[in-house]
Amino acid sequence: MSGYNVVGQRVPKLDAAQKAMGRAEYIQDVRLPGMLFGKILYSRHAHARITAMDISKARALPGVHAVLTGKDIPSKMRMGFYKDNPPLKADKVCCFRDEIAAVAAVSEAVAKKAVSLIEVEYEPLPAVFDPEAAMEKNAPLVHEAHKSNVLKLPWKLHYGDVEAADKASAYVVEDRFTTTWVTHCCLSTSGAVALFDASDNLTVYSNTQIPSLAQKDFLETLGAMGLKGKRVRVIKPVIGGGFGSKLDTYAYEHIAILLAHKCRKPVKILFDRKEEFEATSTRQPTVIYIRQGCDKEGHLTFRDIRMVLDNGGRTSWGATTPSVMMMPITSLYRVPNVRYDAKCVYTNNTYAQAMRGYGNPQATFAIESCMDMLAQKAGIDPVAFRRINQNEPGDVTPQGFKITSCGLAQCIDAVEKELTQGRPLEEGEGIGYASLIHVGGGARIYKSDGCGAILKMDDYGRVDIFTGGTDMGQGLDNMIAQIVAEELGLLAEDINVVHTDTDVCPWDVGAHASRSTFVAGNAALWAARRAKQTLLAFGAKLFEVAPEDLVMENRTVSVKNDPEKTMPVDKLLRKAHFSPGGTMLMADYFYDPPNENMGKDFKCNLSVTYSFGVHGVRVHVDKETGKVTVKNYVAAHDVGRAINPMLLEGQVYGGVIMGLGYALSEEVMIKEGQIRNPNFRDYKLFTAKDAVPIKAPVIETHDPDGPFGAKGIGEPGCVPTAPAVANAIYQAVGVRIKDLPITPEKVLAAILKQSKGS
Amino acid sequence: MTKTISFILNGDEISCDIQDHWTLLHLLREELGLIGTKEGCGNGECGACTVIVDQLAVNSCLYLAADVQGKQVQTIEGLAVHTGSLHPIQQSFVDNGGIQCGFCTPGMIMSAKALLDKDPKADQEAVKHALAGNICRCTGYVQILDSVAAAGRQMAKNQGEGAAAAKDPGTITQQSMNKKAGEVIT
Ligand code: FES
Ligand code: FES
């Protein structure tokens, strides 16, 4: 037993009952008096010059309040970290999702109609859709002013002497892998409502994962609009799924702001599903060249990876995924020599941003597929091969990661045990394994990796805690409530977690990098400790003992070893409140983990701790059709400690199914820059019918820095899924598929090719 | 074209003016303010908008408002109102981790209810079949299937107890609706 009362309990998600009753309010449900509806006009070409635009008919339509084009917006406005994306494009479009005009009107229907009345003339330009072709000398330039299609980004990490290690290796394999576009498919589509008050202060309702950084982006927009010095308040309605999709601000948010200011009324922009597919960002697609070697005993000797990333027509966070890919490349297993180079290349396709795992699934697909190939070449069992190279506590990896707690070995054991006991393999079946490393204690990708918490207690023993963190369904509300309740000897239901409003919640860098339990959790824990200190100091005076002699448990404060001296917490709080001079219990804390920023060479201890996991899967492959069926799946993770096992399992199950979609079925099909399947009928998500039996063994290594020992687990569930499946398919039928997704057509073609060859 | 329709909504007889082209989803959300029913695609592909019409789970985004004339419509808001406590399916989703972001939840629960009202002992294949049109991006379905199975057991137990209908708020709703339409619960 853990010795804890609330931590470790399967407490239902705090807002589950509200959601079960249909009372939770999402962006769809936000409705303000006098609200107008905005609609956006997108490009009809992948690459073209806009030669003329006529908005007169749209403007004349009754009910239309404003029409904006790229010429009407402040010329300085640019979105994204590479600043190559004005919210409305004036002269030129670089991809089909480029926004070129927007309308605000009294209803959605009128806004839609108005958008359809805008007449645009284009002069189509030669386009480029393949990133490797876009690197060639005479390729059309996506952004002429940039002079080259290759972005000026420094993705390069070298450690040791790869060439010497390559020469000295007993076994070497090399290959090319590709991963394609997939998208988040949050069940709630995106949207925002913007409004200005009489003094030009702005409020934005948005289902963002980055309230504080969104606030900063919106302040920049206000600055460009000549409204410097005004305030921005960001309110998050209940978020219907995030998975990274809401980690950057989007054009629609900035357009809603521009329209709201122009109309002097609240303006709402809400995406329909087609728009959600076409105008939100994807996972970053990659072309990966990998070469990896080992010695006679199976110790990895080097890993050499070169990547080309299709950056699409504009730049969002997708272009920074190589920074996270460096993590598995340098630090998954002990590998003494590493070389990694990546290029992001403009094309006229859509563009990518963050998606659960942030580049880790792509890199791990190549690494772990290649691990099996290398094990085979060396004549070593794949599981044994992984054990030979497994990370251990105390390791310092080539990137400079200091591994503290590490349960990779236990994860391998747990998965192997689950998968190999019981039913023997049948004809056409195979088992595959793949491991993962991920940041478990945040990741310093910004100047601060911190999160604030403000806590107050009322006269009735209840807590309100205001966190900078964001719950988008993953369960941060419970993490905070359970951590605070444990520390203060209360129940989870005594804790009200507020995370919806930048006017009252402190700063946080955002819900990414599986960091919220660790960082927001630690901030909450320390705020609770401070509150407890104050309360116990008061109690100590009352009971005439030292504060150390007091315990808070079961909603009471009592003197250790003296059952007579005890008082319910609410009574003590009232005593403190109403005694002369009065004390109200309030405390705050800003926790910024000692994570290091990446230096020029990208070497640093990016996170104070790392999460590990091993996935194993048994598949059946139908040799006639190429269809792959997942028979059962085991995903073991070193999570430090499970604050709430039920919600933790939910993260793993959800991640695994998302990962299986990535492995087997999901693909945003893009032809000449245009998305061909912007709907759930043709974009193949797993449904309840495809549900898979999943086991999720939890390895608890009690991380020294985590709140109650916990590490992050939001993303790992979908990280090594695809290579585990690919490895299982190889075991089953002897074909290796190197391009995601592994569709029946690809498997069948490989089987046919193989049988022709033999 | 505007016309007036009457139907039973969550046990209450109502009549309202509608436009011919309105969907039931539009009527519920935009005109009647019942925001519990969600729109995930507007195209019959996600199930977030599922409601029960005359005991059948339907996608309200494809169902014409005009077609509910004379029928019984149940939405997520109609499950817990009578006693204030949750319906066993709602409770089970809460208790078993069947809810993360919650956007699929109302539709999931309504699809599950249409099935379990008919057959609380439905096996997993039947449950998967009934939920096949409801997409969930968060949970991977594992805990949703657990939730529905546990709810089925609870509902079967309630039925077995004979007087179950009186204890089960959801069944009360259903019963009062059926009574109004002059039907008998089997
Ligand atoms: S909104 Fe009706 S099925 Fe998706
Ligand atoms: S809980 Fe988010 S879609 Fe199902």
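Trainee: Which helix gives the most to the lining of the largest pocket?

Mentor: In this predicted model, H1(B) gives the most to that lining, with four residues.

Trainee: What makes the space a pocket, and how much space lies in it?

Mentor: A pocket is an open set of grid points with protein on both sides within 12 Å along at least five of seven lines, whereas a cavity is a set from which a 1.4 Å probe cannot get out. The largest pocket holds about 1,200 Å³ of space. Its lining has 37 residues, and those closest to its centre are Glu108(A), Lys112(A), His26(B), Glu30(B) and Glu39(B). Two or more lining residues come from each of strand S1 (36-42), helix H3 (108-116), strand S12 (267-270) and helix H8 (273-279) of chain A, and from helix H1 (24-31) of chain B.

Trainee: How is the lining of the largest pocket divided by class?

Mentor: By class, this lining has 13 nonpolar, eleven polar and 13 charged residues.

Trainee: How many cavities of 30 Å³ or more are there, and how much space lies in the largest cavity?

Mentor: The count comes to nine cavities of 30 Å³ or more. About 530 Å³ of space lies in the largest cavity. Of its 39 lining residues, Gln474(A), Ser514(A), Gln651(A), Gly714(A) and Glu715(A) lie nearest the centre. Helices H13 (476-488), H14 (516-543) and H16 (645-664) of chain A each give two or more residues to this lining, and H16(A) gives the most, with three. The lining divides into 18 nonpolar, 16 polar and five charged residues.

Trainee: Why is the second largest cavity said to lie between domain 2 and domain 3 of chain A?

Mentor: Domain 2 (31-125 + 190-270) and domain 3 (286-443 + 598-757) of chain A both give residues to its lining, so the cavity lies between them. About 100 Å³ of space lies in this second largest cavity. Among its 14 lining residues, Met79(A), Asn85(A), Thr249(A), Tyr250(A) and Tyr351(A) lie nearest its centre. The classes there are five nonpolar, six polar and three charged residues.

Trainee: What makes a set of residues a nonpolar core, and which members of the largest one touch the most others?

Mentor: The members must be buried residues of the nonpolar core types, joined through side-chain atoms within 4.5 Å; buried means under 20% relative accessible area. In the largest nonpolar core, of 214 residues, Met307(A) and Tyr633(A) touch the most other members. A second, separate core of 53 residues includes Ala481(A), Val559(A), Leu585(A) and Ile643(A).

Methods. Residues are numbered from 1 along each chain as its sequence is written. Chains are lettered from A and ligands numbered from 1 in the order in which they are written. This is a predicted model: local features need pLDDT of at least 70, side-chain atom pairs count only at pLDDT 80 or more; totals for chains, interfaces and linings use all residues. Side-chain values use heavy atoms; hydrogens and water are left out. Buried means under 20% relative accessible area, exposed over 50%, partly exposed in between (1.4 Å probe, protein chains only). On a 1 Å grid over the protein atoms alone, a cavity is a set of points where a 1.4 Å probe fits but cannot get out, and a pocket is an open set with protein on both sides within 12 Å along at least five of seven lines; lining residues have an atom within 4 Å of a point. Grid points are joined across faces, edges and corners, and a volume is the space filled by probe spheres set on the points. Ala, Val, Leu, Ile, Met, Phe, Trp, Tyr, Cys and Pro count as nonpolar, Asp, Glu, Lys and Arg as charged, and the others, Gly among them, as polar. Domain bounds come from an automatic or database domain assignment.
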